[in-house]
Amino acid sequence: MSIPVGWKTCPFKTIGSIMPDEWDAALLNKIANVVRGASPRPAGSPKYFNGDFIPWITVGDVTKDNDMHLTSTASMLTEAGSKKTRILPEGTLLLTNSGATLGVAKISLIEAGANDGIAAILSIKRCSKRYLYYFLNSKTEYFRTKVAPGLGQPNLNTDLIGETAIPIPPADEQSKIVEILSTWDRAIEKTEALIEAKERRKKGLMQKLLTGRVRFGAEWEFPKAEEVFKNISVKGFPDEPVLSVTQDQGVVFRDDLERKINMSKSNTHTYKLVESGDFVISLRSFQGGLEYSELRGTVSPAYHVIRSKRPIEDGFYKHYFKSYEFIGRLAVAVIGIRDGKQISYNDFSFMRLPYPPVEQQKEIATILDKADREIKLERARLATLKEQKKGLMQQLLTGKVRVNTKPA
């Protein structure tokens with residue numbers, strides 16, 4: 001392979017086959033000291049844990065958000081516990097090294113003890129801490145799929161971490177790379193905060209609009225659910241597509257699920273028909289349990305399909321069945337739902353539901369649909385920003401795209 005002018009052969013294939021002439025590369029253990037945290041034993045002992053002496057860093061603390069910095073922990077150690085762990089100074093670069101969330105880096109801004117699911121990168125030379133933070137986070141999938149793959153409890157020991165090859169640009173280029181990626185981080189943080197604000201606003205609207213606290217001039221009825229919805233059990237449609245009822249995606253075609261489900265089609269004649277506009281009562285749910293279907297298909301006979309028997313605006317009840325008001329009342333009506341009890345139509349049928357005039361139902365659904373669209377738009381923007389940052393990291397941290405370090 002001919003090497004372009006300004007490039008040279010890279011000594012580590014995990015970085016790339018070539019690298020810029022001005023760049024260097026080294027194994028992490030040649031430019032830093034990689035150590036592992038330590039956990040007091042026995043785990044959970046009141047002698048060591050739930051104290052007030054020093055913060056206690058766990059994998060959950062490092063992976064709870066996408067912030068660069070760790071500023072607090074969920075728990076503390078006692079003084080005795082602090083003597084059984086590794087105390088890390090303020091400013092330490094951390095890397096999770098065990099479990100499904102291994103390979104996540106963060107910089108701690110507090111002095112704290114760290115458990116044995118945390119690795120610390122100390123005494124860093126030739127790389128800025130923030131540059132190394134970005135590079136390690138660009139390798140998360142590599143750590144999970146190549147370095148510590150497998151089922152069970154994948155694990156990165158300090159040797160494996162130390163053998164990670166690090167590209168080393170000149171210091172001014174490292175600073176510029178960090179500056180660019182930090183700009184994307186700030187945009188991501190602002191978008192996440194905006195989504196949280198819009199979700200809070202929607203929750204407030206749901207609380208006001210779906211409970212009748214804000215009225216539109218007419219009194220509401222509160223009939224039993226069985227007066228508004230009827231239980232439908234139409235079978236004998238084996239050629240209709242099979243549907244799956246999910247809490248995160250609603251009612252979807254089973255074949256579209258990422259997690260493919262093996263099933264025999266020999267008994268689909270016993271499946272229940274679902275029409276667009278029907279609701280399906282999930283077998284078990286902590287989020288309301290009633291999912292709206294925009295699709296025609298069939299579901300397992302274990303599900304309950306309900307259809308309106310009075311004029312309704314579908315969107316009103318689609319939102320209502322996801323409201324805290326309804327979920328809280330359902331938990332009271334279905335004793336044991338929190339322990340996984342199946343929700344039945346009978347449990348649901350005796351509940352009182354709000355039934356505003358249909359025109360009011362439409363007005364309320366329109367307001368809440370608009371709030372959903374705003375949240376969806378911001379989530380799409382957030383996904384785009386994250387993809388852009390991921391692409392930038394791949395380009396900037398390998399030298400494929402160079403940055404201008406000269407003053408403007």
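Visitor: What makes β9 and β12 a pair?
Guide: Strands here are DSSP runs of E, at least two residues, numbered from the N terminus. Two strands pair if DSSP finds at least two bridges between them. β9 (residues 93–96) and β12 (residues 118–122) share four bridges, in the antiparallel sense, so they count as paired. The model is predicted, so local features need pLDDT of at least 70, side-chain atom pairs count only at pLDDT 80 or more, and totals for chains, interfaces and linings use all residues. Numbering runs from 1 along each chain as its sequence is written, and side-chain values use heavy atoms, without hydrogens and water.

Visitor: Why are β4 and β6 called edge strands?
Guide: The open sheet has five strands, in the order β4-β12-β9-β10-β6, with mixed pairing. β4 (33–36) and β6 (69–70) each pair on one side only, so they are the edges.

Visitor: How do you know that helix α4 packs on the sheet?
Guide: Helices are DSSP runs of H or I, at least four residues. Contact means heavy atoms within 4.5 Å. α4 (residues 129–138) touches β9, β10 (105–108) and β12, so it packs there. Its direction makes about 155° with that of β10, on a scale from 0 to 180 degrees between N-to-C directions, with axes fitted to C-alpha atoms, for helices over the stretch in contact.
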